[in-house]
Amino acid sequence: MNAKFSLPALAALAITASGCDHYGKVNMLPYPQTPREDVSDTYFGHKVADPYRWLEDPENENTKRWVAAQNRVTFDYLSQIPCRDAIRARIEDLWNYPKEGIPQKEGEYYFVMRNDGLQNQSVLYRQKGIDGQAEVFLDPNTLSEDGTVALGFISFSPDSRYMAYGVSSAGSDWVEIRVMETATGKNLPDRVNWVKFSGAEWTADSKGFYYSRYDAPRQGRAYADKNENQKVCLHRIGTAQKADVQVYRDDAHPLRYFSAEQSRDGRYLFINSSEGTSGAEILYRRTDCPASFSTLCKGFENDYTIVYSSGDVAYVYTNDSAPNYRLVKIDLLNPQSVTDVIPEGEHMLEGVSRVGGYFIATYLENAVNKCYQYTAAGELVRPVELQTEGTVSSSSFRTDDEHTETFYSLTSYLSPATVYRYDALTGVSELFWQPELKYDPKDFVTEQIFFESKDGQRVPMFVSHRRNIRLNGNNPTLLYGYGGFNISLTPEFSPSNIFFMEQGGVYVEVNLRGGGEYGEKWHRAGMLENKQNVFDDFIAAAEYLIREGYTSREKLAISGGSNGGLLVGACMTQRPDLFAVALPAVGVMDMLRYHLFTIGWGWSVEYGNSDDERQFEYIYKYSPLHNIRKGECYPATLITTSDHDDRVVPAHSFKFAAQLQYAQGCQTPILIRIETNAGHGAGKPTSKRIDEAADKFAFMFYNTNSNVKTK
């Protein structure tokens, strides 16, 4: 790579805005020079230039110097914004409250994750009995000086003797599995590496666990190389990883994910297979007869998840012949024998849990959770009486088949997670833990609004703001969306959003097509050749908010991460006139090459792939990187990414920023903020999350001419 890097002599670009109760001025450094190379690819007769291909190599010294220079410009700009420090201080204050997860009972102990408020990583505690004295069992904050080593999962052996846990460094998807003796808290010598998208599935005899891994990547390419040929292995406690037994692999299909799970009694071993983020296949065999696997649920047109299995029966959650999903029972001795337990209903069945011989079904009704208890035969017992409308955590209602005690958490846009204890025998919910807050949720309000998209489709969004503010078109408004991968946006709490609403801001979350809020039909209406519907929905939401006087074009910012970063990138390039500020985070910006890095190939089922002529045609039309027009005036943009993001590699954001800076036709800033020792988002230390939130809101307030009230 012959690109040369240079930083020209510094010259100031003056941008004036109103902020922090007074008028301030930011003198912006010039953008670093980013060499453009004569690189192109031809797709079905279309020659497509890729002048910043060299930025795809994160280990190249030119790329590293470019990253450092871009951060220098960005942080110099941010440091000059009036009240940036005050913004951070208030967000940190709101963030600083005790947080508690959902208790998990193992043997005679309860285990729970807790955070005293500002700890970089939450700490695993245990206590003997429900009223016992809590003690620290595992503190991830001791695993690194800067809090960048995170606890990914915990998994207890059936006899509760061992706990396997996954740790990841600097936000990477790569996980190392370690094992701890629960009685003593002592770490065993066992270490399992090059694990990705896998937990630890214990064998029924508690002597080992199944996990999924890839081969070790090339030196220096762990965060960029394409991941292929995942395999399922069995690790026995007390042995080295090199002795692990390979249980399943499929060399004919290198681009598939595989994971293992056992039936409750250990009689059957299941292999879950998928070709991406949608569609699955389940294989199975008897554990006492290690012959080849047979097909239980044939892929890959539908989704299948085993909820519970014991004896010769498996209960499977699926959208097979049921776009809103259902729970079925399958006879493992006769897999063609499939009967409904919880049939498909009017609303989206989001998940099912097994609790003390019952099933708890969690539904989405207009993007708000409702829960119902059923017998094992599928007869309705009762609704679970939730104390408020909001979101029930996906890790709720976890227990074993012998106990009717379980826990769930409930959250909303205005209140953080509150934990409840539920008895499936009596149907009684009781408050178990509630956070103490530094604001009054009653000062704010959330309403659900429906609007029409471009094609007439009715789309919902949640609008939250301070109670009794004047909606006069002059309110700074943050519009957030995702719209993909069957992921539902439901009420979720954020301390930084409370800060924004305290300042008179309007926070809006849109339930775009492509998500799972209304089942598989809603999902498919926003994927593949229908992806433009997602962008049309988001644009229509913005137009509605302006038309109805919530905000104005000059006060409107859009935000989204990952697939939501793609959303922001596509909408700001399609309608740059509509938004004042764009905040794309860790976005998929190069739709023609995303599948060539790490696990990007797994998204082809959602997006399509540029190797296919028909799919190339519609992908190319909206790919953010390829639809930037030179001379256009784009919104003030703060792109955020991380140097260790091995989910959506940072090259997406690097190339998008370079092309925007090259093409920008006005003086609104195009900045990129590149976090170090961080990844796609999971496990990011609290301190880094607060820093990033403060920078985003400071950038937004400044570039929407919005004042910040300080105490």
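This is a predicted model: local features need pLDDT of at least 70, side-chain atom pairs count only at pLDDT 80 or more; totals for chains, interfaces and linings use all residues.

Residues are numbered from 1 along each chain as its sequence is written, and side-chain values use heavy atoms, leaving out hydrogens and water.

**Exercise 1.** Describe how helix α1 and helix α9 pack.

*Solution.* 
Step 1: Find α1 at residues 61-79 and α9 at residues 651-663; helices here are DSSP runs (H or I, at least four residues), numbered from the N terminus, and strands are E runs of at least two.
Step 2: The two helices pack at an angle of about 60 degrees, with axes 12 Å apart. Axes are lines fitted to C-alpha atoms, for helices over the stretch in contact, and angles run from 0 to 180 degrees between N-to-C directions.
Step 3: Now look for the contact (heavy atoms within 4.5 Å). On α1 it involves T63, W66, V67 and Q70, and on α9 F654, A658 and Q661.

**Exercise 2.** Work out the strand order of the open sheet that 4 strands form.

*Solution.* 
Step 1: Strands pair if DSSP finds at least two bridges between them.
Step 2: The order is β26-β27-β28-β29, with antiparallel pairing.
Step 3: β26 (348-355) and β29 (380-384) are the edge strands, each pairing on one side only.
Step 4: Zoom in on β26 and β27 (residues 358-365), which pair over 7 bridges. Here V355 stands opposite Y358 in β27.
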